[in-house]
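Good morning, and thank you for the time on the agenda. I would like to take you through one model, moving from its strands to its helices and then to its pocket.

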Amino acid sequence: MDEDLLTIGAFASRARLSAKALRLYDRLGLLTPAYVDAVSGYRYYRAGQTERARLVALLRQLDMPLARIADVVEAPGPRAASLLAAYWDDAEARFASQRALAGYLRGRLSGRSSEMYEKFAVETAEVPEQVVLTERRHVLAPELPVWIPGSLGRLEQGAGEAGGVTGPPFVVYHAEVGMESDGPAEACVPVADEAAARAWAERQGRATGAGVRVEPARRIAFTRITKAQVAHPQILAAFEAVEVWAGERGLSVDGPCREIYFADWDAAGPGDPVCDVAFPVR
């Protein structure tokens with residue numbers, strides 16, 4: 001056996017880790033011993049593995065998934081740093097979302113829901129019958145920021161062949177969309193020419209999920225929210241505020257909730273109004 005090899009105990013002391021941690025890293029494929037005695041099963045390491053052992057331990061303290069740890073420790077320095085930065089950007093975005101959700105839940109659990117709802121001014125409006133190009137998809141909440149602009153963009157291209165867009169695009173939630181519930185949701189773009197819209201949808205084929213339907217005339221109760229408020233969970237409070245407002249006035253919900261996008265999303269700032277959160281009512 002190579003005399004330069006260290007026993008697991010000696011290597012653990014040098015790496016400032018426990019032998020238990022080293023066995024775990026071996027089992028996970030993150031730090032394989034340099035040599036394992038076939039008879040005794042004893043593990044041996046080289047001094048040069050110390051830095052990798054310490055790096056794995058530190059990355060695990062960041063709650064980094066094992067697969068991503070493997071990518072980082074195998075990558076050259078600059079690439080490893082880039083992978084770590086990307087992971088931490090994702091983590092900070094997740095923490096920010098969870099912090100907002102915790103604040104929202106504290107308000108509900110402490111009985112301060114009415115204070116949250118008072119921030120939203122609710123109105124009603126009459127929406128005429130519309131022919132809409134649609135795309136329906138089962139989608140989870142984290143996928144919405146990608147799916148909504150993508151689907152509306154595809155439908156707006158189709159609208160160019162169907163007499164043009166005649167009203168603000170909207171997204172209908174036919175069932176709950178959350179972290180574990182996938183709707184479905186339906187993207188809708190009002191168009192002028194029903195026959196041309198049906199011809200366009202037919203050409204797209206079933207793979208795209210494009211369709212055409214007539215959205216009936218409706219009365220809606222809605223509240224206008226900013227780009228920042230569209231984010232989860234702020235938008236949940238907006239939906240609830242509309243429901244509560246309608247119930248207090250004896251109005252019944254008469255269809256699935258929806259988000260109506262009336263502004264240029266890309267050009268809008270966080271404080272700019274971009275969306276009406278609405279329920280059909282009667």
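Let me begin with two strands: strand S6, residues 170-173, pairs with S7 over four bridges, in the antiparallel sense. Please keep in mind throughout that this is a predicted model. Within that pairing, Val 171 stands opposite Ala 187 of S7.

How many of the residues of strand S7 are buried? The strand covers residues 185-191, and seven of its seven residues are buried. In a regular strand, side chains alternate between the two faces of the sheet. In S7, Ala 185, Ala 187, Val 189 and Val 191 point one way. Glu 186, Cys 188 and Pro 190 point the other way, and both sets are buried.

I now turn to a single residue on the neighbouring strand. Thr 134 lies in strand S5, and its bridge partner in S7 is Cys 188. Is Thr 134 buried or exposed? Its relative accessibility is 7%, and because the cut-off for buried is under 20%, Thr 134 counts as buried. Leaving aside residues up to four places away in sequence, Thr 134 touches Glu 186, Ala 187 and Cys 188, as well as Leu 155. Its contacts also include the run Gly 209, Ala 210, Gly 211, Val 212 and Arg 213.

There is another sheet to describe. Three strands form an open sheet in the order S1-S3-S2, with antiparallel pairing. Its edge strands are S1, residues 6-7, and S2, residues 35-36, each of which pairs on one side only. Two bridges join S2 to strand S3, residues 43-45, and there Val 36 has Arg 43 as its bridge partner.

Arg 46 is placed in the loop between S3 and H3. With a relative accessibility of 37%, Arg 46 counts as partly exposed. Arg 46 and Arg 154 are 108 residues apart along the chain, and their C-alpha atoms are separated by 57 Å.

At least two lining residues are supplied by each of helix H5 (77-109), helix H7 (144-159), helix H9 (234-248) and strand S10 (258-261). Which element gives the largest share of the lining? That element is H7, with seven residues. By class, the lining divides into 23 nonpolar, five polar and six charged residues.

That concludes the presentation, and I welcome your questions.

Note on methods:
Residues numbered from 1 in each chain as written. Predicted model: local features only at pLDDT ≥ 70, side-chain atom pairs only at ≥ 80, totals over all residues. Heavy atoms only, no water. Nonpolar A, V, L, I, M, F, W, Y, C, P; charged D, E, K, R; others polar. Buried < 20%, exposed > 50% of the residue type's maximum accessible area, 1.4 Å probe, protein only. Pairing = 2+ DSSP bridges. Contact = heavy atoms within 4.5 Å.
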